[in-house]
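I opened the notebook today to look up salt bridges. Here is what I jotted down, entry by entry.

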Amino acid sequence: MFTSPLTQTSPALGAPKVQSYSFVAPPAARNGAYAPVTSAQQYRPSTATAASPTAAVASGTKVPDALTKASTKVFNEAIMSKYCGQRVVQVFKEAVRTGAELDQPTKAAVAKGLFTWARENGATSFAHWFFPCRMGSGAVGGTLGAFKADTFIDLVWSSDATIKPFESTFPAERLFCGETDGSSFPNGGLRATHTAAAFTMWDRSSPCFILDNVLRIPCCFVTHYGKCIDLKTPLLRSSDAVSREGIRLLLNMGVQGAKARSAKTVLSYVGWEQEFFVIPADLFKKRPDLMACGRTLVGQLPKRNQQMDLNYFGPMPNKVSTLLDIVEAKMLEIGVPMAVKHNEVAPGQHEMSPIFCVASASCDNNVIFMEICTNEAQKLGLVVLFHEKPFAGINGNGKHNNWSVGTDSGINFFYPGKNDDERLCFVTGIAALAWGLKEYNELVRVSVAHAGNDHRLGAQEAPPAIISLYPGTGFEAHVDNIISGAGLLDYQANKQKADPGCCAAEPIDTNVEDRNRTAPFPFCGNRFEFRAVGSSQNCAFPTTICNTVWAAGAAHISGYLESGMPLRDAVAVTFNECRSVIFTGNGYSAEWPVEAAQRGLPNLNTTPLAIEAFQSPKITEVLTSMGIFGTDECAAFAETMYENYNTTLCVEVDTLLKMISTDFAPAFAKDLATYKDAQFLAGERTSLYPMVLAQADKLKSLMASMPDGLAQEAAFLCDVIKPQMVELRKLVDAAEGLIESSLYPYPTYENLLYTHHF
């Protein structure tokens, strides 16, 4: 059982305990954590209750010790055991593993225990919390979940009163199932107004929790016919594929160690690193582009921005420090082991991340993190920006997914291990991943494709759009040796010593391999870090695809083994088939795209290209054969991606044109009037300002010639409209350097990035 390193004494339970975090057990490993010491500062009065962290800040007192309430608002295994009994817990855990439907007495026991616990902890409502296909977008708060709150009440049906009284209750059927309208959510044609029914059902692998007196129940979201119209259902299907193909691979490998023999399931795990900007709310409200698009469409960089890396791991601004302390406290309370917070490279940019856990729960945790950040920032007069590129010219935001695959018995397919069985699993597991990345390269790329991420990928701050695998230079050499006939166990995962060369600090063991920040899929010692994930998107879909390609690779190797091929030869053949996807060089170099093309790796550098590739027969085949999507679900998902991309770009264009016509044009006129009696001082203004308006008119005319059809519209927006927006922006930004500062209609980058620091 994976446990948080946090211990606490719960008044309800009476004794100190280690808080278990999930119903499933990941390998005993964790990411390193850097946690700066922070302090609470006084801010304007808050509407929060006196018991809340925000209220403590408002009253000028220190934010309470977050560890004292850690895991008090999550219905984890220990809480379930107390309120439902150990027998129910065992039946429940087995059902999660096998997919079995619980019998009615067990469902009733779970619902009763959950209801009792929730009411004791102040919950008055419950909500089925699900995750529509909203993809990455510019919306404030990132890709949030959806829910409606239902009060814990029902009529007393046994009463013979004409107006029946109501009572506080929580019938079991309300825990496990809900119904709502599916046609008003992105669905790719799987729902319509006259065929609108959709249902939510509890994802039993992700624990319920209480936030703001509402019991959140993480859920799948499917149509009347069981078709998925959400991001969680494919993730859970991919988790089943990982388990099915992982156990199959273990059996075919013939490893006989205790861990291998006792493995009942294979699980995937995620530990996310969430980047974001924090800016003042009053200035945010004065920027129509930030309000509508989540990013600035115009704006010059301040003269000092990120040139000297002064912000990275520097002291955190007091207001931001307080916000992140509050967010950390609320996340810890609902059972999410937040472990890291620090400044990022760009001014105004920050990062937080938790210890990893099972993928389904981890992805839920990331969505609720974005929601809590958004809500708590409002109370402090701040706004959190999750867009991948809120500000041009400085680093954007990513969401690095630290992803691994391992058995419930403790074998990690991405850790070199301590015995031969584990080392065989390590080499074979990476072979499965490499084959999946090579064979379904386009699928991995499309998992991170959306309008916001197009601004970030390949921009010398994030991995390129070319998907490759970095296992380390030492392991790369091992791959070549295996292909040439060497044994699978010849790789020596020896850590080196880093000696500081002074008496005060002692030498330390380094990682097995060096770190490559230019790679989209680098090895990190016991996991791979998918670095191309966009900050605003739900990390469920990228994780779904990671799971899918690994499961497909595992199935591929199993096919060789089941035909009688020895394990060494099967791994060697597999590595030979996918050798071209392994790259340990500089992914930022100009030479890499050329070399990647020679290797046969696609460079799908825009979202429309990625979506087009998603619709290929090969991609449909792997998604259907692994049980992730049906054929109709594949088509529907492509449609929702196109709709998201097209809508995002159209909103940006409309916003930019309005900013030009209603704010910049009047400002230009006023600025020119200043020089009516001294034309010689006007300089470039007399030519530049009309050029801005002319280019805006050109953009408007181009939009009027938009072709029909989702794919055609997306290509037009990408290839014609975006370049015109860039040209228009260049002129507007040049004008910012000329116009009288008091006439510039919006808060500048300098205002947005720095004023909340003081």
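Entry 1. I began with aspartate 480, which is partly exposed at 31% relative accessibility (buried is under 20% relative accessible area, exposed over 50%, partly exposed in between, with a 1.4 Å probe and protein chains only). I kept in mind that this is a predicted model, where local features need pLDDT of at least 70, side-chain atom pairs count only at pLDDT 80 or more, and totals for chains, interfaces and linings use all residues. I also noted that residues are numbered from 1 along each chain as its sequence is written, and that side-chain values use heavy atoms, leaving out hydrogens and water.

Entry 2. I looked up the partner of aspartate 480: its side chain meets that of arginine 579 in a salt bridge, 2.6 Å from N to O (a side-chain nitrogen of Lys or Arg within 4 Å of a carboxyl oxygen of Asp or Glu). Arginine 579 sits in the loop between helix H17 (567-578) and helix H18 (591-599), and aspartate 480 in helix H15 (residues 473-483), so the pair ties together parts 99 residues apart in sequence. Helices here are DSSP runs (H or I, at least four residues), numbered from the N terminus.

Entry 3. Next I checked glutamate 595, which forms a salt bridge with arginine 599 at 2.8 Å between the closest N and O atoms. The two are four residues apart in helix H18, so about one helical turn separates them. I found glutamate 595 partly exposed at 28% and arginine 599 partly exposed at 23%.

Entry 4. Finally, I noted a network of salt bridges linking Asp212, Lys330, Glu376 and Lys379. My tally for the structure is 33 salt bridges.
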